[in-house]
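This report is written for a reader meeting the structure for the first time. Please look over the sequence and the model before reading on.

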Amino acid sequence: MSAGDADRNERTIRRLYEALDRHDGEAMAALYAPDAEFSDPVFPALRGGQVGDMWRMLTERATDLRVEVPEVKADAEAGAAIWIARYTFGPTGRAVTNRVRSDFRFSEDGLIARQRDDFSFWAWSRQALGPIGLVLGGTPLVRGRVQRNAAVDLARFRAKRA
């Protein structure tokens, strides 16, 4: 692998978040390898087509999502980004500013093979869920419920696309 691979991987990361800012889930999905893996505190274990469908679902629902990416770095095999998403959480109508760290591994052809996103679930939940998130957002109970709801939403979205 070469320095050109590092540049390509950095461009892939930038294209991912530019597409997210445009609410373009199709463009995002096209950047993932067919057997890609994704995890974050809400979607802890997505594989393959689930990854692209998650982004399609989220971007279709997004009404006021704005994304900024203050930091991107990549080498020939891996990369990382810090990005900030600002949006209204649909179920509660509450404003959210979520700071996320993403770590990437790339396939030989420059597609995203693995993405691990990390953010403070408690910070997110207190913004998105309000008082319940403030008091219980750090507990497995709330995290589990949010994960289950997200999984059900994704399964329904995928069923409609089938």
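## A helix and its surroundings

The buried residues of helix α6 pack against β2 (46-47), α3 (49-61), α4 (121-129) and α5 (131-136), where contact means heavy atoms within 4.5 Å. Those buried residues are Val-142, Gly-144, Val-146, Ala-150, Leu-154 and Phe-157; buried stands for under 20% relative accessible area, exposed for over 50%, and partly exposed for what lies in between, with a 1.4 Å probe and protein chains only.

Helix α6 covers residues 140-161, and its 22 residues reach 31 Å from the first C-alpha to the last, close to the 32 Å expected at 1.5 Å a residue; the expected span is 1.5 Å times one less than the number of residues. Helices (H or I, at least four residues) and strands (E, at least two) are DSSP runs, numbered from the N terminus.

## Basis of the model

This is a predicted model, in which local features need pLDDT of at least 70 and side-chain atom pairs count only at pLDDT 80 or more, while totals for chains, interfaces and linings use all residues. Residues are numbered from 1 along each chain as its sequence is written, and side-chain values use heavy atoms, with hydrogens and water left out.

## Strand β4 and its partners

Strand β4 (residues 78-89) is mostly covered, with nine of its 12 residues buried. With strand β3 (residues 66-74) it pairs in the antiparallel sense over seven bridges, pairing being assigned if DSSP finds at least two bridges between two strands. Ala-74 stands opposite Gly-79 in β4, and three residues lie between β3 and β4 in the hairpin that they form.

Strand β4 also pairs with strand β5 (residues 94-106), in the antiparallel sense and over 12 bridges, and Val-100 in β5 is the bridge partner of Trp-83. This hairpin of β4 and β5 has four residues between its strands, and Gly-93 in the turn has a positive phi of about 70°.
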